[in-house]
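Dear colleague,

Please find below the structure that I am handing over to you, together with its sequence. After it I set out what was found.

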Amino acid sequence: MLSLPCLLSARFAGPVSTLLLLAASAAPAAPLQVSVGGGIGQSYGPKLNADGSRLAYYSATNPTGGNADGSWEVFVYDRASGQTRQISDEPGGQFAGGNQTPGISGDGSRVAFQHFIIDSGYGYFQTRVYDLNANALTTLTQPAFAETSAISRDGKTVAVSLGNVGVRLYDVATQAFTSLPLVNPATFTMSGDGKRLVYDTFSQGVYLYDVTTGATTVISAAGGGGGFNQRPMISADGNSVVFTSTFDPLGRNADHSSEVFRYDVPTKTLVQVTQSQGDSREASLSGDGTRIVFSSNGDLAGRNADGNVEIFVYDLLANSFLQMTDALNSYSGGGTLSEDGNTVAYFSNLDPRGGSPGSSYQIFLDTLEPRAPAALPEPASAWLALLALGVAGAMRRRQRRG
């Protein structure tokens with residue numbers, strides 16, 4: 001049955017006593033609501049291109065006048081023009097089939113998404129790619145179970161997972177598939193150049209696969225005991241991985257709450273980003289891995305004592321948590337960052353400016369303060385040792401300046 005969608009860096013050097021102080025961040029401007037709807041008119045799955053100028057999402061709303069039957073369709077919003085394009089059209093309404101879970105290339109030229117049909121209560125999926133410049137649609141696969149995809153920065157490589165069969169790479173130029181030896185992948189994402197993939201398995205492990213060398217790295221082994229590693233995401237530069245887990249690999253998650261973890265690929269170091277003692281998940285990150293967006297009911301910035309599920313951004317360079325949304329009795333999720341780290345998109349059934357929650361989930365865009373690119377300093381060996389032992393200490397929380 002189809003279901004709806006469903007830190008600290010190891011490369012910082014410095015004394016433990018001073019490194020973990022979190023600076024407050026300035027409050028963002030009011031977000032922009034991209035989609036509108038009501039009743040069953042919902043919107044999910046936002047994805048941004050590299051500079052945040054284009055946003056892909058899927059929705060049962062009708063922003064263009066081309067979706068009167070309310071089926072699930074893929075849309076692309078252009079920030080410069082303020083216009084929305086509908087790039088798929090499945091007749092019959094949302095209980096007959098539709099299109100969902102888009103990914104957009106970094107250059108904003110192509111969108112890969114899942115077309116699905118409903119038959120006898122089951123969803124059968126196939127991967128399609130839409131060229132926004134040529135207005136051309138290409139179907140890559142035949143209908144199958146549990147199909148997912150990812151697209152490279154230049155839009156020329158598409159990774160496709162066919163249920164339990166495995167992951168294959170599709171070359172847009174040659175229109176040919178190459179099989180990859182990924183074992184039992186559940187979900188996966190791909191680096192911007194298409195050379196690295198991170199994936200989780202049905203046995204709850206998280207792994208990194210290097211397409212060039214064929215090497216597989218265990219990031220987080222299955223911990224057993226009914227817990228999970230879930231939804232790994234890799235940065236566009238391929239150097240950072242984030243995921244959520246209820247395991248305790250570093251000795252800082254004794255209550256087995258769902259927390260965000262970050263893996264630094266060059267140093268092969270795992271750190272725990274959040275210590276919310278609640279539920280932090282759905283993590284995604286900027287192109288260089290220095291900003292992480294996620295959902296949490298924790299009070300990470302001193303403004304969420306009610307325990308509502310809000311959108312947070314962790315800034316690795318500023319050592320700060322920023323709470324992006326704040327409302328009662330609502331839910332905000334699906335957070336994603338542009339590659340440059342300056343734009344955040346998410347879905348929510350609230351007015352992010354503090355109003356009452358609405359009746360449907362819609363897509364919002366928000367902007368973070370731009371910053372100049374900066375390299376992460378290399379770590380001291382003693383600091384890495386402390387991280388490995390999981391005794392780096394607890395993060396101090398401070399309320400942001402609002």
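Predicted model: local features only at pLDDT ≥ 70, side-chain atom pairs only at ≥ 80, totals over all residues.

Arg 153 takes part in a salt bridge with Glu 339, and their closest N and O atoms are 3.1 Å apart. Arg 153 belongs to the loop between S10 and S11, while Glu 339 belongs to the loop between strand S26 (332-337) and strand S27 (343-348), so the pair ties together parts that are 186 residues apart in sequence. Glu 339 is partly exposed too, its relative accessible area being 27%. In general, side chains of opposite charge can pair when their charged atoms come close.

**Other salt bridges**

How many salt bridges does the count come to? The count comes to eight. Among them is the pair of Asp 315 and Arg 291, whose closest N and O atoms are 3.0 Å apart. Asp 315 is in strand S24 (residues 310-315) and Arg 291 in strand S23 (residues 291-296), so that distant parts of the chain, 24 residues apart, are linked. Are these two residues buried or exposed? Asp 315 counts as buried because its relative accessibility is 9%, under the limit of 20%. Arg 291 is buried as well, with a relative accessible area of 6%.

A further salt bridge joins the side chains of Arg 54 and Asp 78, at 3.5 Å from N to O. Arg 54 lies in strand S3 (residues 54-59) and Asp 78 in strand S4 (residues 73-78), so this pair ties together parts that are 24 residues apart in sequence.

**An open sheet of four strands**

Four strands, in the order S10-S11-S12-S13, make up an open sheet with antiparallel pairing. Why is one side of strand S10 (147-151) and of strand S13 (176-180) left without a neighbour in the sheet? These two strands stand at the edges, and each has a single partner strand, so one side of each remains without a neighbour. On average, neighbouring strands of this sheet are turned by 25 degrees against each other, direction ignored.

Within the sheet, strand S11 (residues 157-162) pairs with strand S12 (residues 167-171) over five bridges, in the antiparallel sense. Thr 157 has Asp 171 in S12 standing opposite.

**Two buried serines in loops**

Ser 286 is placed in the loop between strand S22 (280-285) and S23. With a relative accessibility of 1%, Ser 286 counts as buried. A polar atom of the Ser 286 side chain lies 3.3 Å from the backbone nitrogen of Thr 290. Leaving aside residues up to four places away in sequence, Ser 286 touches Ser 235, Ala 236, Arg 291, Leu 337, Ser 338, Glu 339 and Gly 341.

Ser 109 sits in the loop between strand S6 (97-104) and strand S7 (110-119). Its relative accessibility of 9% means that Ser 109 counts as buried. The side chains of Ser 109 and Asp 107 make a polar contact at 2.7 Å. Which residues does Ser 109 touch, not counting those up to four places away in sequence? They are Tyr 130, Asp 131, Leu 132, Asn 133 and Asp 154.

With kind regards

Terms used. Residues numbered from 1 in each chain as written. Heavy atoms only, no water. Pairing = 2+ DSSP bridges. Axes fitted to C-alpha atoms, helices over the stretch in contact; angles between N-to-C directions. Salt bridge = Lys/Arg side-chain N within 4 Å of Asp/Glu carboxyl O. Buried < 20%, exposed > 50% of the residue type's maximum accessible area, 1.4 Å probe, protein only. Polar contact = N/O pair within 3.5 Å; in protein donor to acceptor, adjacent residues only side chain to side chain. Contact = heavy atoms within 4.5 Å.
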